[in-house]
Amino acid sequence: KVKGSLFGNKESIYKGNLHQPGSKEFISDENLFNYQAKVVNDLAEKESYVIVGRCVNYVFKDRPNTLRVFIHAPWEFRVEQASQKISGSREDVEKFLLKDDKRKQDYYRKFAGGQWSDATNYDLCLNSGKLGFDKCVDAIEAQLKIMLGK
C-alpha cells in the first residue's frame with residue numbers, strides 16, 4: 001500500500017493561525033512560517049515587491065495581481081553556476097545542490113503540502129539554462145506587463 005505522505009500532504013500546515021509569546025508553540029517552525037506568511041501578506045497589502053522562497057507561491061495562490069515564478073535549469077548549468085560561488089570539487093558542489101534541493105522540497109512539502117518543483121504551482125516557469133538570467137528578467141517583466149494590461 002502506498003502512503004499519501006510519500007507524495008506530500010494534500011493539505012498544508014499553513015492555516016494562518018499565530019501563537020503568541022508565552023505559548024509553548026510560539027517558537028515552533030510552524031508558527032515561524034505563519035508569522036512569515038503574515039508579514040508577506042501584510043506587506044502585499046501596502047506595496048508591490050519581489051520575494052524569493054518561503055512558499056510564497058502557495059501563500060499567495062489566491063491573491064490577485066501576483067505573479068508566481070519558478071526558475072529552473074538543467075543539472076549541468078546549475079553545477080556550473082554553483083561552482084562559481086561555492087568552493088570545492090565538483091562532487092562537493094553536486095552534494096550541496098542535492099542537499100539544498102532536498103531542503104527546499106522538504107520545506108515546501110511540510111508547509112504547502114505539495115511538490116516544490118510542480119509547474120502547476122506557478123504562473124510562469126522559466127529555464128535559466130536556455131534563456132540566461134537577463135532574459136528571465138525580461139520574460140518576467142513582459143508577463144507582468146501583460147497581467148497589468150500595460
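Salt bridges in the predicted model

Reader: The side chains of Lys102 and Asp106 meet in what kind of contact, and at what N to O distance?
Author: This is a predicted model. Lys102 and Asp106 are both in helix 4, 4 residues apart, which means that about one helical turn separates them. Their side chains meet in a salt bridge, with an N to O distance of 2.6 Å.

Reader: Is Lys102 buried or exposed?
Author: The class follows from relative accessible area, and exposed means over 50%. Lys102 has a relative accessibility of 52%, so the residue counts as exposed.

Reader: What is the N to O distance in the salt bridge of Arg109 with Asp106?
Author: Arg109 lies 3 residues from Asp106 in helix 4, again about one helical turn. Arg109 is partly exposed at 21%, and Asp106 is partly exposed at 32%. The side chains of Arg109 and Asp106 meet in a salt bridge whose N to O distance is 3.8 Å.

Reader: How many residues apart in sequence are the parts that the pair Asp123 and Arg68 ties together?
Author: Asp123 forms a salt bridge with Arg68, and their closest N and O atoms are 3.3 Å apart. Asp123 sits in the loop between helix 4 (90-112) and strand 2 (124-127), while Arg68 sits in the loop between helix 2 (56-59) and strand 1 (69-72), so the parts tied together are 55 residues apart.

Methods:
Residues are numbered from 1 along each chain as its sequence is written. This is a predicted model: local features need pLDDT of at least 70, side-chain atom pairs count only at pLDDT 80 or more; totals for chains, interfaces and linings use all residues. Side-chain values use heavy atoms; hydrogens and water are left out. A salt bridge is a side-chain nitrogen of Lys or Arg within 4 Å of a carboxyl oxygen of Asp or Glu. Helices (H or I, at least four residues) and strands (E, at least two) are DSSP runs, numbered from the N terminus. Buried means under 20% relative accessible area, exposed over 50%, partly exposed in between (1.4 Å probe, protein chains only).
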